[in-house]
Amino acid sequence: MRSVTPSLALFAPYERAHPPRLSVVGTVKLRNNKDEGMANVKRLLDTVAAHPLVRSRQRVQDHAEVLTPAWLVDDMLDLVKAESERVESRFLEPACGTGNFLIRVLGRKMATAKARYGRSIFEKRHHMLLALMSIYGIEIQGDNVAECRRNLLVLFNGYVGSEVGDEWHRAAAVVVTANIVQGDALAMITHRGEPIVFPEWGYIGKGKFQRRDFRYDRLAGPEVFEPVRSYAPMTASQIAESAEEQQDA
């Protein structure tokens with residue numbers, strides 16, 4: 001598993017025999033929490049932390065799949081602690097698996113948004129959606145992609161207080177579908193053989209987000225960054241309504 005940020009922090013974790021230990025993301029305190037959403041967050045973190053690192057010998061042979069333990073993820077993120085907790089910093093995991101890295105990065109960002117904007121439900125929700133927009137992943141196996149997206153949505157819903165089917169959940173679903181892609185990070189193509197395209201999201205204030213789409217292979221090349229598509233500013237509601245237009249990657 002590897003994790004890359006635009007600040008060129010490159011992780012190449014080594015796997016070593018070590019019993020997994022459960023830990024809480026960032027500064028979030030989950031003890032004695034009566035809120036169902038946050039209880040779901042705690043269950044998610046505990047469940048992912050307790051997952052076996054190897055699902056099957058065949059998957060290791062076919063895809064070199066060995067998941068990264070939660071304790072190691074936290075230790076690595078602490079090396080770039082400020083960036084991992086900054087709401088708008090972008091993280092790309094090119095072999096994201098079920099989201100072991102990404103959910104813990106998102107948890108740190110959510111804790112920051114909650115602490116900074118907690119007095120305003122409006123700003124808190126919009127900055128928490130921005131935090132989700134800053135999380136990107138590529139994964140070659142479709143079952144892992146689906147699980148990673150679900151895990152990120154559970155975490156988002158728990159912090160925001162949204163429910164399946166409501167406006168914020170649907171907007172978040174659009175974001176994770178666009179940001180978590182099934183494909184080959186080395187070849188820079190999707191499982192359909194098309195160039196990987198990632199959206200660049202930004203919050204421009206007053207409840208409006210901007211989006212521009214870029215080809216992944218061109219971001220790594222010498223060409224001037226040119227978006228393949230630009231969108232008019234959108235509210236969370238408009239993002240939620242765009243789900244029908246978005247092709248599942």
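Predicted model: local features only at pLDDT ≥ 70, side-chain atom pairs only at ≥ 80, totals over all residues.
Because Phe198 belongs to strand β7 and Tyr216 to helix α9 (residues 216–219), the pair ties together parts that are 18 residues apart in sequence.

By the rule for ring pairs, the count comes to three aromatic pairs. One of them joins Tyr136 and Phe198 in an edge-to-face arrangement, with 5.4 Å from centre to centre and 80 degrees between the planes. Tyr136 is located in strand β4 (residues 135–139) and Phe198 in strand β7 (residues 197–205), so this pair links parts that are 62 residues apart in sequence. Both Tyr136 and Phe198 are buried.

Together, Tyr136, Phe198 and Tyr216 make up one aromatic cluster.

His169 is part of helix α8, which covers residues 167–179. With a relative accessible area of 12%, His169 is buried, because buried means under 20%.

Leaving aside residues up to four places away in sequence, His169 touches Leu153, Asn157, Ser162, Glu163 and Val164. With Asn157, the side chain of His169 also makes a polar contact, side chain to side chain, at 3.0 Å.

Conventions:
Residues numbered from 1 in each chain as written. Heavy atoms only, no water. Helix = DSSP H or I, 4+ residues; strand = E, 2+ residues; numbered from the N terminus. Buried < 20%, exposed > 50% of the residue type's maximum accessible area, 1.4 Å probe, protein only. Polar contact = N/O pair within 3.5 Å; in protein donor to acceptor, adjacent residues only side chain to side chain. Contact = heavy atoms within 4.5 Å. Phe/Tyr/Trp six-rings, centres within 6.5 Å; stacked < 30°, edge-to-face > 60°.
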